[in-house]
Amino acid sequence: MVFKDKCYTTGITGITSEGLGVGSVNGFVVFVEGALPGEEVLIQINQVKKSYAKGKVVEILKSSTDRIKPFCGVYGRCGGCDLQHLDYDAQLRAKTGFVKDNLIRIGKLPDVTVNNTIGMENPFNYRNNVQLPVRKGANKSSIGFFAAKSYEIIEGTECRIQHKIGNGIRNVLSDFLVKNGISVYDEQTGKGNVRHLIVRSAFSTGETMVVLVINERKLAEKEKLVNALTSEFPEIKGIMLNINSKRTNIVLGNEYINIYGESTITDYIGDFKFQISPASFFQVNPVQTEVLYKKALEYASLSGNEIVFDLYCGIGTISLFLAQKAKMVYGVEVVPDALKAAKRNARINKVSNVEFRLGKAEEVIPAMYCQGIKADVVVVDPPRKGCDERLLQTIVEMEPRRMVYVSCNPSTLARDLKYLSEYGMKVEEVQPVDMFPWSGHVEAVILLQRAER
Ligand code: SAH
């Protein structure tokens, strides 16, 4: 047993994707905030559940050689980077471990090759998209991040994972709101105007888009704001207001008003061009996205004669990559706006051997299969909850030669690979890619081949 508020010593043997060290007290699993594998720590228990407890470090008795000093002043308070106390190479090893552990524990696949996680050469300023809540600070308007699991605003400090321009624009806006007495939103009363700042940047072209989410329909001094921002940041290609008058924690409303320049920015992944509008989904780490997609294309090993399915295709990025080497690609996506963007992206890149279908993959694919449309190679890139079993069932019936699974969640990945390998697809290789340095998130690309019978 362990008891709340009592102190214990434990050795730490693992780390979770939330950055919690895994220890054990009297045979009970304890998750310890801030502790690293290999360490001996004195902890105080702050939560006891049926099968585990949680605690925090009181003293590090023996420190890990992988422990580093977090670079950010608000580390531990901001909800952003859980693994900042862990050396970057050790983070990559931990991420490989997350994938392996899930494959063994959930996937019952102990023998699969998991390659080392591909990391970034420079794991800083990698995010192309930042959303910052705008709220009242102690004496002035503040623009900051929400603290972990709360709505406390963390002000100031330069964020090292977002593109530098995001920090710069935040500072200019913050000064501007204070100097011009422009009101900011108050969650308690639902009053006040400016709610969020969104900055999106295209790394390949430098183009930047600014969106201010406001509560009222108008913004005072908007011409002055446009001047203040564009004179300092010539990279800004467009500025938009987004109207959100609802008392909700959903960031964006439905209506946009353009107050400067264009409503889209252009970015490239590989040779393909993408037009990004304020609400479009676009991978947030463009450098590693290219690494991920190249791996997916390599695993698909297309010769030019294949029919390929790209399921959960979003705005069609992977579909376009695949189409270069396939006979025909069918993309399936459930969000109408994303599908529209996918069609437009195919058009502007002059790719004609791709067709997009709207709907849930688990409904569209069985229907296509009934009509006799089968894939030689299937690529899936589902959201965190993984693939629906109805989809996996149809895929195994279809008996594709190869399948490439792109995953952002090792546990649902392991569940799906278990199913697929039980029904005739063999997991050949797993390649984790680090898209989110300093956080516990890990993406992985997996190659499956039809097992010989
Ligand atoms: N492959 C894309 C997007 C991956 S994100 C890229 O790399 O950019 C996952 C996508 O799956 C999202 O666009 C989401 O809208 C879509 N989606 C979620 N559930 C779905 C379902 N049941 N069927 C089809 N698409 C789905």
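At what angle do α2 and α3 pack, and how far apart are their axes? The angle is about 150°, and the axes are 10 Å apart. Axes here are lines fitted to C-alpha atoms, for helices over the stretch in contact, and angles run from 0 to 180 degrees between N-to-C directions. Helices (H or I, at least four residues) and strands (E, at least two) are DSSP runs, numbered from the N terminus.

Some ground rules. This is a predicted model, where local features need pLDDT of at least 70, side-chain atom pairs count only at pLDDT 80 or more, and totals for chains, interfaces and linings use all residues. Residues are numbered from 1 along each chain as its sequence is written, and side-chain values use heavy atoms, with hydrogens and water left out.

Back to the pair. α2 and α3 are therefore roughly antiparallel to each other. The cut-offs: under 35 degrees counts as roughly parallel, over 145 as roughly antiparallel, 65 to 115 as roughly perpendicular, and the rest as oblique. α2 passes α3 in a right-handed crossing. On handedness, a crossing is left-handed if the near helix is turned anticlockwise from the far one by less than a right angle, and right-handed if clockwise. From α2, the contact uses Ile169, Val172, Leu173 and Phe176. From α3, it uses Lys224, Leu225, Ala228, Leu229 and Glu232. Contact means heavy atoms within 4.5 Å.

Stay on α3, residues 222–232. Which of its residues are buried? Leu225, Val226, Leu229 and Thr230. Seen down the axis of α3, these buried residues fall within an arc of 115°, so they line one face of the helix. The arc is that of the directions from the helix axis to the C-beta atoms. Buried means under 20% relative accessible area, exposed over 50%, and partly exposed in between (1.4 Å probe, protein chains only). What covers the buried residues of α3? The cover includes α2 (164–179), β12 (208–214), β13 (236–243) and β14 (255–261).

Now β12. Thr208 sits in that strand. Thr208 is buried, at a relative accessible area of 1%. Leave aside neighbours within four places in sequence, and the contacts of Thr208 include Ile165, Ile169, Val199, Ile236 and Ile265.

One more residue in α2: Ser174. Ser174 counts as buried, at 12% relative accessibility. Its C-alpha atom is separated by 54 Å from that of Gln449, 275 residues apart along the chain. Then Asp186, in the loop between α2 and β11 (194–201). Asp186 counts as partly exposed, at 32% relative accessibility. Between the C-alpha atoms of Asp186 and Ile60, 126 residues apart along the chain, there are 41 Å.

Domains next. The assignment gives domain 1 (7–62), domain 2 (92–121 + 285–450) and domain 3 (129–269). Those bounds come from an automatic or database domain assignment. The centres of domain 2 and domain 3, taken over C-alpha atoms, are separated by 34 Å.

Two further helix pairs, with α8 in both. Take α7 (residues 361–370) with α8: the axes come within 8 Å and cross at roughly 30°. That makes α7 roughly parallel to α8. The crossing is left-handed. Among the contact residues are Ile365, Pro366 and Tyr369 of α7, and Leu391, Thr394 and Met398 of α8.

Then α8 (residues 389–398) with α9 (residues 410–422): about 30°, axes 10 Å apart. That makes α8 roughly parallel to α9. This crossing is right-handed. Glu389, Leu392, Gln393 and Val396 of α8 make the contact with Asp416, Tyr419 and Leu420 of α9.

Last, backbone. Most residues other than glycine have a negative phi, and most peptide bonds are trans. Where does Asn26 lie? In the loop between β3 (20–25) and β4 (28–33). Phi of Asn26 is near 50°, a positive value in a residue other than glycine. Asn26 is exposed, with a relative accessible area of 55%. Lys108 has a positive phi too, about 50°, and is not a glycine. Lys108 lies in the loop between α1 (88–105) and β7 (129–136). Lys108 is exposed, at a relative accessible area of 55%.

That's my tour. Over to you.
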